[in-house]
Protein chains: 2
Amino acid sequence: MKTLGKSLKRPDAITKVTGKAKYVADYQVKNMLVGKILRSNIAHGHITKIDVSKAKALPGVVAIISADDVPDIKFQPTGLPIASYPEPGMHADKNILTNYVRFYGDEIAAVAAVDVLTARKALELIEVEYEELPVYLNPQDAMTEGTVEIHPDSKNVLGRNEFTIGETDLAEAFERCDLVREDEFMVNPVQHCQMENHIAYAYMDEKERVVIVTSTQIPHIVRRVTAHALGLTANQVRIIKPYIGGGFGSKTDVCIEAIVASLTLAAGGKPVLIDMEREECMIGTRLRHAIQFKIKTGVNREGRILAKEMISVSNTGAYASHGHDIASKGGGNFFRTYPAELVTHFEGTTAYTNLPPAGAMRAYGIPQVNFAVESHMDDVASALGMDPVVFRKINMIQEGFVDPLKRNMVIENIGLDQCLDKAKDYIGWDKKRKQYSKCQTGDRRRGVGIACFSYGTAVWPYDLEVAGARMKLDPDGTLQLTMGATEIGQGSDTVFCQMASEITGIAYEHVLIEHINDTDHSPFDTGAYASRQCYVSGQAVKKAGLEIRNQILERAEHLSGIKVKDLDIVAGQIVEVNSKRLVISLMDIALKSYCSMELFGVIKSEVQVDVRSTAYAFGASAAEVEVDIKTGRVEILNICNVHDSGTILNPMLAKGQVHGGMSMSLGLGLSEVMLFNDKGKPLNNNLLDYKLPTIMDTPDFGVEFVETYEPTGPFGNKALGEPPAISPAAAVRNAILQATGVRVNQTPMNPQSLFERFTLEGLI
Amino acid sequence: MKTLGKSLKRPDAITKVTGKAKYVADYQVKNMLVGKILRSNIAHGHITKIDVSKAKALPGVVAIISADDVPDIKFQPTGLPIASYPEPGMHADKNILTNYVRFYGDEIAAVAAVDVLTARKALELIEVEYEELPVYLNPQDAMTEGTVEIHPDSKNVLGRNEFTIGETDLAEAFERCDLVREDEFMVNPVQHCQMENHIAYAYMDEKERVVIVTSTQIPHIVRRVTAHALGLTANQVRIIKPYIGGGFGSKTDVCIEAIVASLTLAAGGKPVLIDMEREECMIGTRLRHAIQFKIKTGVNREGRILAKEMISVSNTGAYASHGHDIASKGGGNFFRTYPAELVTHFEGTTAYTNLPPAGAMRAYGIPQVNFAVESHMDDVASALGMDPVVFRKINMIQEGFVDPLKRNMVIENIGLDQCLDKAKDYIGWDKKRKQYSKCQTGDRRRGVGIACFSYGTAVWPYDLEVAGARMKLDPDGTLQLTMGATEIGQGSDTVFCQMASEITGIAYEHVLIEHINDTDHSPFDTGAYASRQCYVSGQAVKKAGLEIRNQILERAEHLSGIKVKDLDIVAGQIVEVNSKRLVISLMDIALKSYCSMELFGVIKSEVQVDVRSTAYAFGASAAEVEVDIKTGRVEILNICNVHDSGTILNPMLAKGQVHGGMSMSLGLGLSEVMLFNDKGKPLNNNLLDYKLPTIMDTPDFGVEFVETYEPTGPFGNKALGEPPAISPAAAVRNAILQATGVRVNQTPMNPQSLFERFTLEGLI
């Protein structure tokens, strides 16, 4: 590879660090109105009266809307996978504004005013009266017989699925085991906390279309969903995604776009900006699902897993968002990483409660299931008296695995074993494990822990995996690249430019990518989620690039008489393959393609791809911790992630992804949790009280790659965006276990919870 | 035809009449600076000193640039035909700003300031000293031996060409004639006076590219020319053309784009707007060439033209702009409309003078040559004692004409004879000609006159004729159409939508066109000129539409089992051709193309065409006038244009084009002229003193079409944009001749000039 595999600089690097990149907030236009959302201050109940008259009378208020002012259309605010189908879907359970509030913060009205102070004042002047209903914060309460249904005819169950894989009867299989262990785990809700809050501005253009400039991961889907919610056709809505400051899945939901669009419609088409505050964003967008797990594993004397079962109950909060898919994906993951010899059983349920809605978040439910499974693996190993690494190696997925959950696809490329070895070596496993296994009695005790993971790339075969790319050779020999895929800060545009350069032979710095998505101009692509873009959209870049390359070489053949097969493009020059002799410059060909009577024909390509494959990324985390028994504080002495993501396309960006993911997993494991009182009122929806790790909390991260070649990836690559966020928490949990002997089966393992556990266990 | 041929409403009609359409002036952004150009107040001379220090010291002035601050690069500001080649070209004679002024109004400096008053004040504070040079206002003076060369090594000749077609020696051919007549004509300079003055704003985007939002007819060419002038590569410049208010050829030159770009570069990338005032626009952009003609025609007794010769001298003013092409095109036109049996000789010269530069203007030099030739035709007919209609019919071009000037193409489709008949009938020629031929002696005398024309469509084979179109079927079944072609008010977008509807079967109102051109997003097309868009770009619409139609029908075949050939698309439904039975709705197919696992594949097409043909439009004007001898005022009692433009694609828009063109020709013929004093100072560069016809001066226009079918046109169509502006002036001149017996061989035939002539001729 010439360009891929190198740590090339982001094309948007200078633009961003110099502050020139335009984010939504930078699109301030003349006379833009400020939109603010009135959110319920109870978690469950009917609105019996809403009086906006005082607010309307406030000078500077331009429009006020409540549930009666928006279409009575229920929609599903998510893009994938279900909502990409035309049918409203079984989970279309949300109105733009509601008269029936389902969580503390539910959207009941919105105001557009000339400035932010007026808008805030107007919210205060809206009088709302409620008839309160019981508040259910956990699935068990919500699903109890006779409770109030948060959504009609739901029994507060959003979705449920189960599967059994294996011929043997489950009970019989457990009977045949030499050891059976059962554990329970609880992963509590966290928030994405992406740098840029949700923000969108909308206006009506001169054709009376609603244009929404929004910080989203899924522009084309937002267009469809918003049009549906507004009762408009797709062509009446246009979505523009400028530079955006992260999403982590939070921006794969239509959270504010339909509201801001409704405000501009109510304001006669005037531009309206909704710029969420952090406090609002933390409850008014999406959470990571809180999920409870029961896992039961049966092994034989040699440590081989014969049978296993997982029962998970996921808390979606007030609305479906991604539906039951997140819990369901966990079932597959449970089945796949350590396949049982005889039988695997999974039961998953997703319940409605009165928490803020949970949605997609980096790795889509797998960090939760991974915490449970990898903790449980250590517990089983410990019951067997077996080294956790050895136990994993005995049971881990092997190349050639046939996956009945994925249309019997065969998983051919698995670097998990090497990842585990590398992680083990990195942390000094054999030595330290032995060292720390001696009885520790002091206030500060150490341990090492390990955890593995597997993670599917993209969403096929559950849903379409499609992408589009457009390329055009400009008269100066530069290549203009327009993707449907969405750069949200992760660096995908960089890698697309590298891919384009790799395939076409045009210098990397001469590949100029359009950072802005616009549903009017960008090819169709479903967006940034599921670690799909380099894998799926990368196929589009490859295909378009090959077309461009071929068009260039055909011209060169025409001009030089040398056959295409004997020509190559190297750094903007067409050369003869054997002699390396310059045949003609790319610039010559580019210019002639615009203005030569003989050679006219702009060299361009627009392709779409429909990728019908998936690939599994693998990896392992190893952590060494020191636990302060008296305070419950865990210090990470050393930690690493080792990833098999196939080919590493840009090591610098790849490391960046791993750093960010590890930080996120440590947050989930050690400090982060969204707290609510028993009425469902959020207690810490701000970055002071919500303990997002800061740089002061963050250890050095070891990052290693096991480079395999994934045959289904466009360049041998597979998922890397989400995987880093999966396994560190469990590795830390297992290290705490070695250090203290205490099995902490709940997140966050923060000082408060550890202090309580240590007290309970008699360590303090 | 289902959609074409109908007077459908413009898709931008409501947008425009409600004031929502965004023109450049509507793109006001925060902190936009006002740019103003300092123009020379002498017509010819060197700048010996330019001192901007006082201006720079003025608070609110952000940047001042003069010749030394811009690249020393000479460029040709036009797009066609020569400048579409990569080479700077023989006519690259212009700098962005100059130290050597060549006309009164030449650009010597520019200022960017916080508001318009500051900018104007700054211009006043710039001190300029000149060393004046002799001023040449007409070609004869400029081309005299020993004069100062306005451009080095030019001898003040910009271009010259000649041809002789026919085997016979010219002198010998004239010898063989029974009658030879020679006349001289002078067509004086006029101004386009499009509704919207030249206006552009520029800024640097976050990638440090120069973005220019400009009122132009040729966005892609402006990008190339501006980049060249600025010493940048094409990809460093982006051109956006919003709604624009007319151009008539004036906006096929880069007049202000390079200046406004230089200002934003000087102002650190801040947005700068140059919004020309009318006074400035009338001298600071382009004029229609003043051209002198000598024509000599020899006929036999039967009225057949045996030999003819034309010598034309064209005045390009201070800069080349379109070079010699405009004068040269007149030669072909002279040769073609009434072919001589034995020999035709043409000599054309274009000279530099110190007038403001002349450039393209609707019909590109042909109104000038037509005034001369059609006047001369009447004079020859009169010498022969022959009816001018009969004389024309004897000599006019016939189907099957082989054109040696156009690669021996055969002109197959000629409706000129029918046009002439229709015009004759419209005006009541036979009766009135006879009636008015009786000796008239009163103060008010009447006459009828007639004139024909021919006009080539587009510019092949002199230059490339290429276009691009992109279509995409949206999920709601609407068709998004993005053209490279440029809507400038003429209605091309309307007709493109009709074409797309016609070909695809999608309802006209469901074809949604992007009105804004953007070199980043629009397919490549050279723009709006040469009556080319419906003819050339129409081929792109047709090609893309056929691809879309085919993709739709293939899906329908897949879903229904009915073969593509038995299916049709009618008003958004796919029906079986024979039974007219509904097979499936277009909307179903559209939706599935975005989200069906089985049928994914966005239905889209991006095509480019390279049209290697031309077609001739023909027509005739007939006018009935009453001349007030004592005042020299001419009243148009009745006038019509009859056009053979092949298929008429939208009769309402076609009539609009004809109305506008006729008005323009009457302005040229009767009232308009740019006046200068002997120092080259403009005397009437404002709409009070420059006599553009107002509605009060405008008669009812008769408009008729002779619908032929042009085989090379995408829908049988050929040029209509420019032709209406060609022949009315000559028809009026010939009517004045009948009314008064006076041959007025110079434009404008305004009261002043007629009064002088009538006095001279003894009528007064």
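Good morning. The contact in this model takes 37 residues from chain A and 37 residues from chain B. Please keep in mind throughout that the model is predicted.

Let me begin with the chain B side of that contact. Three elements of chain B each give two or more residues to the side that touches chain A: strand 21 (466-473), helix 16 (586-595) and strand 28 (604-610). Divided by class, this side of chain B has 15 nonpolar residues, 12 charged residues and 10 polar residues.

How are the two copies placed relative to each other? In general, two copies of a chain are related by a rotation about an axis and a shift along it. Here, chain B is superposed on chain A by a rotation of 180° with 0.0 Å of shift along its axis, and the RMSD is 0.0 Å. The two copies are therefore related as by a two-fold rotation axis. Both copies use the same surface, since 100% of the contact residues of chain B recur in chain A.

I turn now to chain A by itself. Chain A is divided into domain 1 (31-133 + 200-246 + 250-284), domain 2 (396-459 + 615-760) and domain 3 (466-610). Taken over C-alpha atoms, the centres of domain 1 and domain 2 of chain A are separated by 37 Å. Where these two domains of chain A touch, 10 residues of domain 1 are in contact with nine residues of domain 2. On the domain 1 side of chain A, the residues that touch domain 2 are seven nonpolar, two charged and one polar.

My last topic is a sheet in chain A. This open sheet of four strands has the order 21-20-19-26, and its pairing is mixed. Which strands stand at the edges? They are strand 21 (511-513) and strand 26 (604-610) of chain A; each has a single partner strand, so one side of each is left without a neighbour in the sheet. On average, neighbouring strands of this sheet are turned by 20° against each other, direction ignored.

A helix also belongs in this picture. Helix 15 (residues 533-560) of chain A packs on the sheet and touches strand 19 (466-473), strand 20 and strand 26 of chain A. The direction of helix 15 makes about 30° with that of strand 19 of chain A.

Finally, consider one strand pair in detail. Strand 20 (residues 479-483) and strand 21 of chain A run parallel and are joined by three bridges. Within this pair, Leu479(A) has Val511(A), in strand 21 of chain A, as its bridge partner.

Thank you for your attention.

Key. Residues numbered from 1 in each chain as written. Chains lettered and ligands numbered in written order. Predicted model: local features only at pLDDT ≥ 70, side-chain atom pairs only at ≥ 80, totals over all residues. Domains from an automatic or database assignment. Contact = placed C-beta atoms within 7 Å. Nonpolar A, V, L, I, M, F, W, Y, C, P; charged D, E, K, R; others polar. Pairing = 2+ DSSP bridges. Axes fitted to C-alpha atoms, helices over the stretch in contact; angles between N-to-C directions. Least-squares fit on C-alpha atoms with pLDDT ≥ 70 in both.
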